[in-house]
Amino acid sequence: MTYVLHRTLSANLPTVVAGDGNYLIDSEGKRYLDACGGAAVSCLGHDNTRVREAVKAQMDKVAFAHTSFFTNEPAEELAEHLITRAPKGTGNGRVMYLGSGSEAMEAALKLARQYYLEKGETARTKIIARKPSYHGNTLGALATGGHEGRRAPFQPLLMDVDHIDAAYDYRMRKEGETQVAFGLRMANLLEERIQVLGPESVMAFVAEPVVGASLGTEPAPVGYFRRIREICDEYGVLYIADEVMCGMGRTGTTFALEQEGIHADLTTMAKGLGAGYQPIAAVMASEKVISTIEGGSGLLWNGHTYMSHAVAAAGALAVQKVIEEENLLSNILERGAQLQNELNARFGQHPNSGNIRGRGLFWTVELVRDKATKSPFTVASKLAPKIQRAALDQGLMCYPAQGCADGTNGDHILLAPSYTSTAAEISEIVDLVSTAIDAGLKQVAP
Ligand SMILES: Cc1ncc(COP(=O)(O)O)c(C=O)c1O
């Protein structure tokens with residue numbers, strides 16, 4: 001009997017009682033190696049002493065003081081930490097704290113609207129995002145995302161958002177087309193759409209620098225984001241980078257966009273920010289946005305009760321210090337290269353492995369019915385959930401998803417191990433995921 005409204009009402013979930021490094025332990029004593037951080041959240045495992053101590057210490061000082069009266073030390077220090085490590089071009093920006101990635105996306109959209117109102121460009125209301133994509137589950141974030149399955153039941157409630165195709169190398173790059181030409185072709189879709197909508201009406205372009213769950217750890221083609229930046233600058237459109245999943249070190253740099261050589265006007269972050277020790281998200285506004293607001297009303301037109309929560313900020317600050325002071329970005333690169341090599345060795349020739357892609361400690365195996373034609377399994381065959389079940393039976397947590405091929409069909413398994421992963425843990429993840437994939441494949445019709 002449960003009174004909790006779980007994701008699946010009939011689910012008989014195990015009860016988690018403890019964390020031990022990169023393992024979770026349930027009430028029966030079963031251990032689960034966390035190869036996906038839940039959903040790319042738990043990037044420091046489940047029992048980090050420094051983060052726990054920081055949370056407890058802040059709790060003993062003060063937990064909450066409303067932001068219309070006070071600021072607090074951890075919120076100030078964390079904002080400085082983030083701004084001083086932001087991609088070049090961000091300038092003297094500012095950080096607003098929220099409770100979830102969806103809330104951060106909502107706040108970014110509202111800041112974009114405020115920016116144009118303060119500038120007097122009141123006709124700018126339109127948002128262009130990509131499909132597939134996922135930007136969260138609140139109504140504004142859901143409308144922005146290009147995830148058909150999640151949008152469908154709520155469609156009548158969603159605001160209008162335009163979507164261009166995401167740059168999906170495996171299925172969209174033409175035979176003989178170079179990565180650079182592909183990147184340019186896909187980025188130019190934004191310019192075409194801005195021209196169709198009318199440049200004076202477009203407010204923002206939204207995209208993840210490395211696509212997370214909707215497409216499965218898909219890095220952008222070389223040059224794609226440089227061209228996006230050029231287009232945004234030419235038409236005066238703001239670029240909102242959703243780094244909720246790919247940010248905070250996950251791909252090997254603090255901000256994923258650093259690797260593309262550009263900056264965003266607004267950046268959202270969440271999962272790796274608090275690493276699951278505290279529920280916290282943020283939106284970072286660049287100097288361009290902040291100076292316009294400062295020169296205008298000087299007010300933030302969007303507030304929430306729990307923003308800048310002192311305990312949440314203290315937890316996230318400790319997480320970011322651990323990542324930096326324990327040099328975990330280099331572990332991400334080393335263990336990421338190991339994961340890439342071992343996945344390629346294990347699945348390169350596998351008859352149902354269509355594509356292996358990713359960056360840093362953020363990797364995906366896309367499964368196909370037929371390697372030559374790239375035809376996916378149908379959504380009804382539920383291959384990815386079956387693999388997740390088989391993995392859990394063996395004590396491995398991985399992140400399954402469906403819909404990458406055409407919005408509905410297509411299965412992939414996403415791996416996002418902890419930044420503290422050891423070489424032995426990475427090899428164990430590959431062994432266990434390989435057994436789980438074969439077990440899942442056995443349960444679906446060929
Ligand atoms: C890229 C991206 N943006 C936004 C969100 C929404 O975050 P939350 O679930 O914390 O609201 C997610 C969640 O998975 C995400 O992956």
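Mentor: Helices (H or I, at least four residues) and strands (E, at least two) are DSSP runs, numbered from the N terminus. This is a predicted model, in which local features need pLDDT of at least 70, side-chain atom pairs count only at pLDDT 80 or more, and totals for chains, interfaces and linings use all residues. Residues are numbered from 1 along each chain as its sequence is written, and side-chain values use heavy atoms, with hydrogens and water left out.

Let us begin with Ala 40. Helix α1, which covers residues 37–40, contains Ala 40. Although Ala 40 is not a glycine, its phi is positive, at about 60°. The relative accessible area of Ala 40 is 2%, so this residue is buried (buried means under 20% relative accessible area, exposed over 50%, and partly exposed in between, with a 1.4 Å probe and protein chains only).

Lys 382 also is not a glycine, and its phi is positive at about 50°. Lys 382 belongs to the loop between β14 (362–367) and α14 (383–393). With a relative accessible area of 49%, Lys 382 is partly exposed.

A further backbone feature is found at Pro 132. The peptide bond that leads from Lys 131 to Pro 132 is cis, and its omega is near -5°. Pro 132 is placed in the loop between β5 (126–131) and α5 (139–144). As background, most residues other than glycine have a negative phi, and most peptide bonds are trans.

We may now turn to the packing of helices. Helix α2 (residues 49–61) and helix α12 (residues 310–325) have axes that come within 8 Å and cross at roughly 150° (axes are lines fitted to C-alpha atoms, for helices over the stretch in contact, and angles run from 0 to 180 degrees between N-to-C directions). Therefore α2 is roughly antiparallel to α12 (angles under 35 degrees count as roughly parallel, over 145 as roughly antiparallel, 65 to 115 as roughly perpendicular and the rest as oblique).

A second pair consists of helix α8 (residues 179–197) and helix α9 (residues 224–235), which pack at an angle of about 20° with their axes 8 Å apart. It follows that α8 is roughly parallel to α9. Where α8 passes α9, the crossing is right-handed.

Key:
A crossing is left-handed if the near helix is turned anticlockwise from the far one by less than a right angle, and right-handed if clockwise.
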